[in-house]
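Subject: Handover of a structure and notes on its contents

Dear colleague,

Please find the structure below, with its sequence.

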Amino acid sequence: MSTVLKLGLPAGSLQDATAELFRKAGYKVTFPSRSYYPIIDDPEIQCTLIRAQEMARYVADGSLDCGLTGRDWVVENDAVDRVTELAELVFSKASRRPVRWVLAVPNDSSIQTPKDLQGKRIATEVVGITKRWLAEQGVSANVEFSWGATEVKPPRLADAIVEVTETGSSLRANNLRIICDILTSTTRFIAHPAAAGDPWKRAKMDDLVLMLKGAMAAEGKVGLMMNVKKADKARVLAALPALQKPTISELSDPDWIDVMTIIDEEKVRHIIPKLKAAGATGIVEYPLNKVID
């Protein structure tokens, strides 16, 4: 039997974002109805759909060779020293920024600082993280596991919550205010140490990570190419963002050159008119799937 890489993909809120990232990286992942075994167009990879909350546990015990999950769930499962982190992949269901686990209380609560939590009841999905944080604060409180809808529990069912947020909009909608941040987390590509030490599996994982990071690097960017008279070269390059390093190629006409560069998509509408005014012609904008450094 040929060697297979056992890859865990996160179910739930990150599932669609993960599938889209893999698509941009060049992998087609499909999710058959009522199946926890996604199909990927690579016969050397076997996928399993697992909730991100459990991923680190299954990677740590070797049931999976590798998987994608949040740093928060690695910490919550006490698996930091039992898995090998291969890459940070900053993507999420709503934005491209880290998620935050925050301590929040009702707007009219008397709780103002972590010390005010002494003897209080806290609802959260990350019991381990919360208990360790409270110990660091020198505070003793009753931490209860929350199965969901945590935002609605204060003030009747809890004095405070520790909840994850990207934008804070859900907390504000439930009349909650943030006291402080407890943990910041991003998605990580983790591996079982034995798998990370296996030459074939490690090479397979490194290739996968390379393509995923390349797809992420291309997000929000586009390519530009144009023809420029050598006499206008200085003016055209001056119109490009200062940090860009365009590729310049000779054309069959010795008086002309071809200029290619990558820029932020949001800047294109401002830059193209400047390039045109500087003498560039035949300007072509094209989408990018991957950018590999």
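This is a predicted model: local features need pLDDT of at least 70, side-chain atom pairs count only at pLDDT 80 or more; totals for chains, interfaces and linings use all residues.

Residues are numbered from 1 along each chain as its sequence is written, and side-chain values use heavy atoms, with hydrogens and water left out.

The nonpolar cores

A nonpolar core is a set of buried Ala, Val, Leu, Ile, Met, Phe, Trp, Tyr and Cys residues joined through side-chain atoms within 4.5 Å. Buried means under 20% relative accessible area, exposed means over 50%, and partly exposed lies in between (1.4 Å probe, protein chains only). The largest nonpolar core has 28 residues, and those with the most contacts inside it are Leu7, Leu9, Phe22, Phe189, Met205 and Leu212. Among the elements that give two or more residues to this core are strand 1 (5-11), helix 1 (15-25), strand 4 (45-51) and helix 7 (199-218). Helices (H or I, at least four residues) and strands (E, at least two) are DSSP runs, numbered from the N terminus. Helix 7 contributes the most to this core, namely 6 residues. A second, separate core has 22 residues, including Trp73, Val126, Val127 and Ile179.

For contacts, the rule is heavy atoms within 4.5 Å. With residues up to four places away in sequence not counted, Leu7 touches, among others, Phe22, Cys47, Cys66, Phe189 and Leu208.

Which residues of helix 1 are buried? They are Gln15, Ala17, Thr18, Ala19, Leu21, Phe22 and Ala25. The elements that cover them include strand 1, strand 2 (29-30), strand 3 (39-40), strand 4, strand 5 and helix 7. Just after helix 1, Gly26 takes a positive phi of about 105°.

Aromatic rings

Rings of Phe, Tyr and Trp (its six-membered ring) pair if their centres lie within 6.5 Å; planes under 30 degrees apart count as stacked, over 60 as edge-to-face and the rest as tilted. By this rule there are 3 aromatic pairs. One of them joins Phe22 and Tyr27, edge-to-face, with 6.1 Å centre to centre and 65° between the planes. Phe22 counts as buried because its relative accessible area is 0%, and Tyr27 is buried at 14%. Phe145 and Trp147 also form an edge-to-face pair, at 4.8 Å centre to centre and 85° between the planes. Phe145 is partly exposed, with 40% relative accessibility, whereas Trp147 is exposed at 80%.

A charge sits over a ring if NZ of Lys or CZ of Arg is within 6 Å of the ring centre and within 35 degrees of the ring normal. The charged end of Arg57 is placed in this way over the ring of Tyr58, 4.8 Å from its centre.

Paired strands

Two strands pair if DSSP finds at least two bridges between them. Strand 13 (residues 221-229) pairs with strand 15 (residues 256-264) in the antiparallel sense over 9 bridges. Val222 has Ile263 in strand 15 as its bridge partner. Strand 13 also pairs with strand 16 (residues 281-287), again antiparallel, over 5 bridges. There, Met225 stands opposite Val284.

Cysteines

A disulfide is a pair of cysteine sulfur atoms within 2.5 Å. How many disulfides does the structure hold? The count is 0. Cys47 is in no disulfide, and the nearest cysteine sulfur, that of Cys66, is 8.9 Å away. At 3% relative accessibility, Cys47 is buried.

Loops and backbone angles

Asn107 lies in the loop between strand 7 (99-106) and strand 8 (121-124), and is partly exposed at a relative accessible area of 44%. Apart from neighbours within four places in sequence, Asn107 is in contact with Asn175, Leu176 and Arg177. The C-alpha atoms of Asn107 and Leu176 are separated by 5.2 Å, although the two residues are 69 residues apart along the chain. Asn175 has a positive phi of about 60° and is not a glycine; its place is the loop between helix 5 (169-173) and strand 11 (176-185).

Arg34, likewise a residue other than glycine, has a positive phi near 60°. Arg34 is in the loop between strand 2 and strand 3, and is exposed at 84% relative accessibility. Finally, a cis peptide bond joins Pro154 and Pro155, with omega about 0°. Pro155 lies in the loop between strand 9 (142-145) and strand 10 (160-165).

Yours sincerely
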